[in-house]
Structures are given as C-alpha cells and as structure tokens.
Amino acid sequence: MRRPTFASIRPCRSLGEYVTVVYGERRHVRPRTTDRSMLGGGDGTVSASPQAQSPPAAEDVRAQLDRLLASPDLDAPARARRFLRYVVEETLAGRAERIKAYAIGTEVFERSSDFDAQNDPAVRIEAGRLRRALERYYLSDGLSDPVVITIPKGGYVPHFAWRTPQAAEPHPAPAAVSPRSPADSPPRRWMPWLAAVPVAIACLAFLGGLALWGPWRDGASSSPQASTPSPPGGPTLVVMPFTALGEPSAGRTYADGLTEEVLSQFARFKEITVLGRETSRSIPPGADAARIRRDLGVRYVLEGSVQAAEHRLRITGRLLDALTGAVLWSQTYDEDVQVRDLFTIQNDVARRVATAVAQPYGIIQRADQTRTGIRPPDDLEAYGCTLRFYDYRAALSEESHAAIRTCLERSVARYPDYATAWAMLSVLYLDEDRFGFNLRTGGVTPIQRSLEAARRAIRLDPENVRSLQALMMALFFARQPAEALEVGERALALNPNDTELLGEFGTRLGQAGAWQRGAELLEQALARNPGHSGYYSGTLAVYAYMQHDYARAESLIRQAALEKFPLYHFVAAVIYAQLGKTSEAAEARDAFLRMRPTIFEHWDDEMAKRNYRPEDAAHFAEGARKAGFPVPARTAAETALQAATHQR
C-alpha cells in the first residue's frame, strides 16, 4: 500500500516513450521526438561508436564492471550484482554458450541440482531487475562511462560496447505529466542528466522534482488533482545509512553494502512506503527522530551499525517510532566472514531485518494496529481495514469477516485505485464460498466476485504481492490449480520474505499434492512468524495426517487452537478418530456440524474445489467416517481410485 513516490525515469520498450517509475505503478509519457541514438538498438543496448575499430577489450570491460559494482547508483541488490559479475566473466572467458537460466540458478543463486528453470521464474525476474538497473544507471550517473554493459532481452549473455557520443536535441516538445498527488520523497539527483538527455526528459524530471519537493517545505501542502482520491497512505519508513564502527575502511564497506541490501529487501513489501537512499543521505548526521519526522513526514526510522573486528562482524539494527522516539524493535547479529561470504551475510541479515519489521504480522503492522485500535469499529478508516484484515486471517472467525468485508467495500468505493484493499476484498469474497462465511445469495457467485476483485488489484498494481496472492487463491478455488500455482511462484519470487504469502502458497501446494514443498514453506513461515502459528500449525497437521503420521498431526492440531474456525474442528475430528480417541473425535465432530451442518450434502464438490488428489480426498473420507460424519457411502475420489485400479 504505497503512496506514489517517484523512483526514476527509464526508457521503456518503445524508445519514443518514457516511463515514470512509481512505487507500485508505471505511468507513460510520450515526447514528440526522441533521440534514438541514446540507446541504439531496440534491444536496449548502446550502439558502438562508428569511430571504434573494435569492441572493448577484456580489460576495458572488467574496469567498467568494477566501476558498476562499486557504484552506489547501480540500483541492484547483492544477488543481481553477483548475477552481473557471473555473466560478464563467463562471456570474457569464452563460455557464453554456458550462460543459461539453469547455470545461473545453480551457480549464482545457489539453487540445488534439481532447480527447474522452466517453472521457477527467479532467474528471469532477477534478469529483468538487472536490465532496468543498468538502464537507469547509464541514463544518470553512468552518462560519462566509456564502456556500456547491457543484457539484451531474450537471453542472459551480456553485450559490451563503446559509448556513442550524444548530441543534444535542439527543439523537443515539453512532455506532459499526468496529474498526481504529492509524493513523499525528494527528487533524485537530476542534474547529471541535463547535458545528454533530451530536453523533454529533463523537463519531465524537473517537473517531477517540483512536485516531489513541495511537501518537504515546512507547512507546505498541495491538493491532488486527480478525479478520484488517492489511496490512503500507509506507514512510511526511512532507512538511515548504517554506521561503521571499529576499523574504518572495512566497516564502511560492509555498512554501505548492508544499507543497499536492506533497502532492496524492504522495497518488496508493498504495504509500506520506503524512502530512497538519496533521501536518507540528505539527513544531517546526528538528527534525532523528531526532526526526521518533521522534515520527511515519516512515521518510522530504521537505523543500524556494523562493527568489524578481524574476521568478525557485529550488525545491529533498531526501529524507532519517529513520533515518540520509542525503540520498537532492536536486534544484534553476529557473523563470521570466514564461515559465510559477505554477500550471503548481507542478504541473510537484510532479509531477517525486513521480515521482522515489514511483514504483514511484523513490528510496523502491530505498532500501527495499536495506534489505530482506539477508533470505534464503525468508524474505521481504509488503512485500519487492512490492519484488521490480518487479525481476521489469524483467527478466521465468521463474526469479523462480515465487518471487515463491509469496511473494505467502503474503502474501495472511496479509493477505487487502492490495490491492496481490492486484494483483501477478493480473499473475503472467496471465504464466503470456501468457508461459508456470510454468504450472499443471488447474482454473481462469490468465486466470480473474488476473481474480479483480484484481477482489478493486479491491473492496479501488477507487482503487489497481496494482489498476486489473492489471484492465486481465487484461481485455485475456481479449479484452475496450474494457473494458480504459476501466479504463486511469481509472487514468491517477488517477495520470499512475506510470511502471509509463504503460508498461503504452501497450503495450496500441499492441497495440489506437493505436500513436501508446501510443508517446507509453512515451516519457514512458522519460524519467521510464530505469532500466526494457529493457521500454519493447522495446515501442517493436515500434511502430517496425509502422511499417516497421526501422532504428529494431533500435536500440531492442538497447537492450532482455532476454535471459531469450522474446518479446524473437522481436521481435529478425523485425526482423533484415526488415533482411536472416540470421545475427543465426537466432541470435535459435533462442533463442526453445528457450524457447517450441510457440507456433507455436497462433499465431492468441497473436495474438488480444493483440488485434492483422489488418494488424499479418499483418506479424508476414511477418517471422516471413523469420526461419525455423514460422508457419502462412495465418494467421487474413491470411485476414481477404484476405476484407476481396474485399468491397471
């Protein structure tokens, strides 16, 4: 849930068009004329100079690679930088034919030998991110670099070229910017652009800078000119540059790298707005939280330090409430660079920091929940609805479902561009069908409403993980499991730290038969977010049941304790029945039948829309009969299994 914040301007696929990249959306601006010599060919590479008699030599390319990797203006995380070094070095070594997605996945991303490059989009996503980072770099601080390194689309082999001298465009037409509400962060450093970028783009940057600078002036404000209100602003965070303690040179290097990686990891969470590195660098040393809040309007400040001593690193991070100055979270990480390489340490620590602070059940969400919780339930604002959505997801109670559904419907009526609210509303519509919560009869079915809301969320914000999660769930229950799991993989690649997504995607994988991988994701979610253990434990109990490990299933279902959630009682009943615990099975059975008395009238449909394999659905039916549930004498799954046996 991001308020629009200009991040950069980059060329898009059509070189006559430019894209203003905004957190969560892209908006197109077309100048009347464009200097095509800026980027040469349509693949995004820079043409070699006509005066150049040969391509850059290996030493020239390596010098440029070192310049790129050392530059703080290459907006790429550690993994993308390793990606870049790998493909460049392999090409220079004459092994370009080896540069395939599988090799990158196993050698750069350290995936196992069974890495499936066709179905796992991690390499493709990282390549796209790296291409965009290189484009932005060469259109800003890299304008004077002699050698240009690009990765043309359609493959991963890099292209090396001498920079073509640029000629200014004499009379460009000014580009128009769509009306938009003021953003939160200050402009990027536009000045290096002005000598070489067409004046149309410079004008766009200048206009964007004016729009962005306005809210920084003390007491300044401006009104959105859009026809509909902008979505409500969620929490805003600034990541201060990590401080180097101890030995200066090594500590500074470690601190700079960690700051970049933390920023990259935080940017994956779309429900918060993270101000960029230029913003944090502009803050005077020693500024307290109150001044930062006054100058930037942020609610939260993340700061930290890195202390290096020989081969040991001590990394400390803490989150401050800029309004009160209170320390909301603090953690220390001790690492040994002889045990793990620096890139791995940076990535792991940054991931753990971002997960603890920014995930849907993390420190910021809980702090905002406390702050908004004083409002009466009938006066919830849009952002308060999204906070209470996570409360509902933790408890899965029918009582809170209706109130939050109504609240979110009011939110999207007032803020129709609020992608996160549409995604959450999609999940609530789906729960009418799969759980029987507050079902609305007549007209469009809950599944159709869920799909429509999820697709609208995706249109508004294609990289919003909550939107992708909602679409995955809606497709899954619309009996399109293959399409659903493909969307889930995309969401996981965008943000593998989001425990809400990990739990939901792990559940869908298990129901589709991939119980082992699904359980692994659920275990990760449980380890990172023990406060949401009820949902994870309940699903892991189903996994243990399917493996016929009834003792572990019992232990897990007792930990779940979701008494208001009907399916909790069903799972408990079949587990107790398999263990021969008759009285406990009967108690759980009766509780479930009070909540969902008619479900067994359409048992086969309930199993089918959850996409259980016939053997898993038959196993549920077996346990349900033992528990005394009125399961049909012969289910569709059992019939299918019997037919398959006869065919063999």
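At the start of α17, the backbone nitrogen of Glu500 has a side-chain oxygen of Asp498 within 3.1 Å. This is a predicted model. Helix α17 covers residues 499-511, 13 residues in total. Its first and last C-alpha atoms lie 18 Å apart, close to the 18 Å expected at 1.5 Å a residue. Of its 13 residues, 13 are buried, so α17 is largely enclosed by the rest of the structure. Just after the helix, Gly513 takes a positive phi of about 110°.

The count of salt bridges comes to 36. Three of them are tabulated here.

| Pair | Closest N to O |
|---|---|
| Glu504 and Arg393 | 2.6 Å |
| Arg351 and Asp348 | 2.6 Å |

Glu504 and Arg508 both sit in α17, four residues apart, about one turn of the helix. Both are buried. Residues three or four places apart in an α-helix point the same way, because there are 3.6 residues a turn.

Glu504 and Arg393 are both buried as well. Arg351 and Asp348 are three residues apart in helix α9 (residues 342-358). Asp348 is buried, at a relative accessible area of 13%.

The largest nonpolar core has 96 residues. Ile557, Phe570, Trp603, Phe620 and Phe629 touch the most other members. Leaving out residues up to four places away in sequence, Ile557 touches Gly538, Ala541, Tyr568, Val571, Ala572, Ile575 and Tyr576. Another core, of 34 residues, lies apart from it and includes Leu68, Ala122, Tyr137 and Val147.

Notes. Residues numbered from 1 in each chain as written. Predicted model: local features only at pLDDT ≥ 70, side-chain atom pairs only at ≥ 80, totals over all residues. Heavy atoms only, no water. Core = buried A, V, L, I, M, F, W, Y, C linked by side-chain atoms within 4.5 Å. Buried < 20%, exposed > 50% of the residue type's maximum accessible area, 1.4 Å probe, protein only. Contact = heavy atoms within 4.5 Å. Helix = DSSP H or I, 4+ residues; strand = E, 2+ residues; numbered from the N terminus. Expected span 1.5 Å × (residues − 1). Polar contact = N/O pair within 3.5 Å; in protein donor to acceptor, adjacent residues only side chain to side chain. Salt bridge = Lys/Arg side-chain N within 4 Å of Asp/Glu carboxyl O.
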